Structure formats: structure tokens, C-alpha cells
Amino acid sequence: MKLKKGDLVRVITGKDKGKEGKIISINKKDNTALVEGTNMMTKHTKPNAANQNGGIIHQEGAIDLSNLMYVHKGKATRIGYTMQGDKKVRVAKSTGEVID
């Protein structure tokens, strides 16, 4: 799993191609992620404690991780790993810089 919650990513294929946003959550089992502002869906909800009126709400839908690329300094890049001392760190392939 090369992408993490909070990473800035770009959608590289599909109806939202080119859009960027932060990852809200990741589902490792299904290999999908929720990205803010992309793949928006409408959902009809009943009234409950959180939403007194109910009605139609718009929320993000899941996107497959293979359709996302990490954005580093404004450019989409692949992610690799390298050892820094005894710690494994993520590295941007385009620049070779450590991400986290």
C-alpha cells in the first residue's frame, strides 16, 4: 500500500480524470480510496440524529487505487521505497526526494 490517508493525489482515469484531492480514507480489502471532491454520488437518507431532515446528500464514492497517482510538488509521480538507516521510507520516483 503505497498511498496513505492524507496524501494529495490526482485521478488519472475515469470521469474525474485530472481532478486532485486528499485521500479521506482507504479500504485495504477492496483496494479503494475515498478522495475529497471526486466521484461524487447522491444518496437518499432517512432522518436521523445527525441529519434531522434527511433528504438527498452528495458524498464521495470509492475509487480504485490503480486510478490514483501521488502528487509531489505539483506533478504526479510514482512512489518507491528505500532504506534510510534502519527505517523504510517512501520516495518520489521523479525527484528521488523522501516523502515522509
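**Exercise 1.** In which loop is Asn39 found? Determine also whether Asn39 is buried or exposed.

*Solution.* The model is predicted. Step one: Asn39 sits in the loop between β3 (32-35) and β4 (40-45). Step two: the relative accessibility of Asn39 is 13%, and buried means under 20%; Asn39 therefore counts as buried. Step three: the phi of Asn39 is positive, at about 55 degrees, although this residue is not a glycine. Most residues other than glycine have a negative phi.

**Exercise 2.** Locate Lys73 and state whether Lys73 is buried or exposed.

*Solution.* Step one: the loop between β7 (68-72) and β8 (75-77) holds Lys73. Step two: Lys73 has a positive phi near 55 degrees and is a residue other than glycine. Step three: the relative accessible area of Lys73 is 63%, and exposed means over 50%, so Lys73 is exposed.

**Exercise 3.** Which residues gather with Lys2 in a patch of positive charge on the surface?

*Solution.* Step one: the patch brings together Lys2, Arg78, Lys88 and Lys93. Step two: Lys2 lies in the segment before β1 (8-11). Step three: with a relative accessible area of 43%, Lys2 is partly exposed.

**Exercise 4.** Describe the secondary structure and overall extent of the protein.

*Solution.* Step one: the protein has 10 strands and 0 helices. Step two: its radius of gyration is 17 Å, well over the 13 Å that the globule rule gives for 100 residues, so the protein is more spread out than a compact globule. Step three: the C-alpha trace spans about 55 × 30 × 25 Å along its principal axes. Step four: 28% of the 100 residues count as buried.

Notes: Residues are numbered from 1 along each chain as its sequence is written. This is a predicted model: local features need pLDDT of at least 70, side-chain atom pairs count only at pLDDT 80 or more; totals for chains, interfaces and linings use all residues. Side-chain values use heavy atoms; hydrogens and water are left out. Patches are made of residues with over 30% relative accessible area and no salt bridge: like charges are joined within 9 Å, nonpolar side chains (Val, Leu, Ile, Met, Phe, Trp, Tyr) within 5 Å. Accessible areas come from the Shrake-Rupley method with a 1.4 Å probe; for residues, only the protein chains shown count as cover. A salt bridge is a side-chain nitrogen of Lys or Arg within 4 Å of a carboxyl oxygen of Asp or Glu. Lys and Arg count as positive and Asp and Glu as negative; His and the chain ends are not counted. The place of a charge is taken as NZ of Lys, CZ of Arg, CG of Asp or CD of Glu. Helices (H or I, at least four residues) and strands (E, at least two) are DSSP runs, numbered from the N terminus. Buried means under 20% relative accessible area, exposed over 50%, partly exposed in between (1.4 Å probe, protein chains only). The radius of gyration is taken over C-alpha atoms; the globule rule is 2.2 Å times the number of residues to the power 0.38.
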